[in-house]
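Subject: Structure for you to look at

Hi,

Here is the structure I promised to pass on. Please open it and keep it beside this message as you read.

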Amino acid sequence: VQLQASGGGLVQAGGSLRLSCAASGRAFSRYAIGWFRQAPGKERDFVAVITAAGGSTAYANSVKGRFTISRDNAKNTVLLQMNSLQPEDTAVYYCAVGRIPTMSTSRYDYWGQGTEVTVSS
């Protein structure tokens, strides 16, 4: 499975962005998809995850109520809608494929190249 993340950019605080993760491969619908982010000088942190069928989701406390993850298995795409963005959301955002939905980066098998999000105050 190969992943391509897109949709990042520069936005003012309070604004919104929608990230997209496009996947190749017919097995996409068998995998959980996670979004993670890494700010400069920091570790890569969990943001959100969605199960293979899309029936369950989970979020980091820092984004709960502001971000929404969704997927369209027919289009091999996962979206991350980000609302009420704050400067602390500034990071490179990565999508990843895993066999189980987990917050642990080590449990993901394939990673996209990342898309940069910058939120100005």
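Is Asp109 buried, exposed or partly exposed? The model is a predicted one. In it, Asp109 has 39% relative accessibility. Buried means under 20% and exposed means over 50%, so Asp109 counts as partly exposed.

**Salt bridges**

Asp109 has a partner. It forms a salt bridge with Arg99, and the closest N and O atoms are 3.8 Å apart. This pair links distant parts of the chain. Asp109 is in strand β10 (residues 108-111), while Arg99 is in the loop between β9 and β10, 10 residues apart. Arg99 is exposed, with a relative accessible area of 62%.

How many salt bridges does a search of the whole structure find? It finds three. Now go to Asp89. Its side chain meets that of Arg37 in a salt bridge of 2.8 Å, N to O. Arg37 lies in strand β4 and Asp89 in the loop between β8 and β9, so the pair ties together parts that are 52 residues apart in sequence. Both Arg37 and Asp89 are buried.

Asp89 also forms a salt bridge with Arg66, where the closest N and O atoms are 2.7 Å apart. Arg66 sits in the loop between β6 and β7, so this pair ties together parts 23 residues apart in sequence. Arg66 is buried, as is Asp89.

**Strand β5 and its partners**

Next, find β5. Strand β4 (residues 32-38) pairs with β5 in the antiparallel sense over six bridges. Ile33 has Ile50 of β5 as its bridge partner. The two strands form a hairpin with five residues between them. In that turn, Gly41 has a positive phi of about 75 degrees.

β5 also pairs with β6, again antiparallel, over three bridges. Here Val49 has Ala58 of β6 as its bridge partner. This hairpin has six residues between the strands, and Gly54 takes a positive phi near 85 degrees.

Thr51 is in the loop between β5 (44-50) and β6 (57-59). Thr51 is buried, with a relative accessible area of 19%. A polar atom of its side chain lies 3.2 Å from the backbone nitrogen of Gly55. Leaving out residues up to four places away in sequence, Thr51 touches Tyr31, Ala32, Ser56, Arg71 and Pro101.

**Around β8**

Thr77 is in strand β8 (residues 77-82). At 18% relative accessibility, Thr77 counts as buried. Its side chain reaches the backbone oxygen of Lys75 at 2.9 Å. With residues up to four places away in sequence left out, its contacts include Ser20, Phe28 and Arg71.

Two more residues deserve a look. Most residues other than glycine have a negative phi. Asn76 is not a glycine, yet its phi is positive, about 50 degrees. Asn76 lies in the loop between β7 (67-72) and β8. At 18% relative accessibility, Asn76 counts as buried. Ser84 has a positive phi too, near 50 degrees. Ser84 is in the loop between β8 and β9 (91-98). At 36% relative accessibility, Ser84 counts as partly exposed.

Best wishes

Conventions:
Residues are numbered from 1 along each chain as its sequence is written. This is a predicted model: local features need pLDDT of at least 70, side-chain atom pairs count only at pLDDT 80 or more; totals for chains, interfaces and linings use all residues. Side-chain values use heavy atoms; hydrogens and water are left out. Helices (H or I, at least four residues) and strands (E, at least two) are DSSP runs, numbered from the N terminus. Buried means under 20% relative accessible area, exposed over 50%, partly exposed in between (1.4 Å probe, protein chains only). A polar contact is a pair of N or O atoms within 3.5 Å; within protein, one must be able to donate a hydrogen and the other to accept it, and residues adjacent in sequence count only if both atoms are side-chain atoms. Contact means heavy atoms within 4.5 Å. Two strands pair if DSSP finds at least two bridges between them. A salt bridge is a side-chain nitrogen of Lys or Arg within 4 Å of a carboxyl oxygen of Asp or Glu.
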